[in-house]
Amino acid sequence: MKKIGILTGGGDCPGLNATIRAVVRKGITKYDYEMYGILEGWRGLIDGMIRELDIDSISGILPRGGTIIGTSRTNPFGKDNKGDPERILENMKKFDLYAIVVIGGDDTQGVAHKLSEMGVNIVSIPKTIDNDIPGTDFTFGFDTAVNIATEAIDRIHTTAESHNRVMVVEVMGRNAGWIATFAGIAGGADVILIPEKPVDIAEVCELIKKRHKRGRRFSIVVVSEGVKIPLEDEVDKKFVLQSAKKDDFGHIMLGGVGTVLAKLIEKGTGFESRCTVLGHTQRGGTPTAFDRVLGTRFGIAAIELVYRGIFGKIVVLSGNEIMPKDLKDVIGRNKTVDDYWYDIAKVFFG
Ligand code: F6P
């Protein structure tokens, strides 16, 4: 009986449990595998934290947010983690794992690729609310985050209108403006600012003033956390940070640009402005039906590849089809918002 491991790495997102359920369910019932959850991402494989996942352990998890096996941003190839890749190879042997299914975002996929080059049997599944993994039309987690942000924008609309205010809504997404663009279109934002497009504060203020002249005395501005902006009394544009301390993968902690932007808009328009930062609410709670189904399809496709002995792959959504792609073709870059989407959003600006 072959033993198969499964791990979730990086930031969590809704749909992880639906995906774990699919991998484990098909692995046990169809292929007679023994399935193991590797706890807390790569850290679990470095420190040997693993537990068996039987059919009972995945019962009832389909609608649950988060991940039942935990996650972390551990990078075994990080500069302070000497010897970790070797420890992973040792633990693969020690626990007699034939293959691992890795569910993660761009950082996790980069590690998966390196380990796959070192001979580990790996099949990957893309996940992230940011939707920034190349090669797949969508990652699961994104649809849920967009729905949460859209609902927030709808709610903010009514209070903005009552008070004649400009309301800035800050969403996540790191260096990609997918959440801002989709939630902004769905929620009817009057301006959407994303990292892919340079920000001109004077132009933003003009759009809002134009709108007020038309008699619309409130405005909604959606801003992505990764937008660079001129900080007080400065001309250069910078990220607004919660912390400049880098994580294992070299990421700084973004957050707060909305508050700075609201002040600049108030100064530039004279209209009272406020900011709401949606933060981790976008990653929490139950996944949408779309994300449950996508995660389930990815999970089934991944364990089928394991069964067929096809490794070094990531399963992706292309049109309406799930297909495998070489891991090497999706790593080291991000998928960002293109003009097709932003041009649609711009029709409704101002
Ligand atoms: O990659 C997902 C994401 O939610 C980003 O949108 C965000 O910048 C980051 O993770 C936040 O990370 P953390 O959970 O470590 O604060």
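Where is asparagine 131 found? Asparagine 131 sits in the loop between strand E5 (122-126) and helix H5 (142-163). Helices (H or I, at least four residues) and strands (E, at least two) are DSSP runs, numbered from the N terminus. This is a predicted model, in which local features need pLDDT of at least 70 and side-chain atom pairs count only at pLDDT 80 or more, while totals for chains, interfaces and linings use all residues. Residues are numbered from 1 along each chain as its sequence is written, and side-chain values use heavy atoms, with hydrogens and water left out.

**Positive phi**
- Most residues other than glycine have a negative phi.
- Asparagine 131, not a glycine, has a positive phi of about 55°.
- Asparagine 131 is buried, at a relative accessible area of 0% (buried means under 20% relative accessible area, with a 1.4 Å probe and protein chains only).
- Arginine 174 is not a glycine either, and has a positive phi of about 55°; this arginine lies in the loop between strand E6 (166-171) and helix H6 (178-187).

**Helix H9**
- The 20 residues of H9 (residues 289-308) should span 28 Å at 1.5 Å a residue, and the end C-alpha atoms are 29 Å apart, which agrees; the expected span is 1.5 Å times one less than the number of residues.
- Buried residues of H9 include Asp291, Leu294, Phe298 and Val306.

**Helices H7 and H8**
- Ile201, Val204, Cys205, Ile208 and Lys209 in H7 meet Leu261, Leu264, Ile265, Gly268 and Thr269 in H8, where contact means heavy atoms within 4.5 Å.

Terms used:
Buried < 20%, exposed > 50% of the residue type's maximum accessible area, 1.4 Å probe, protein only.
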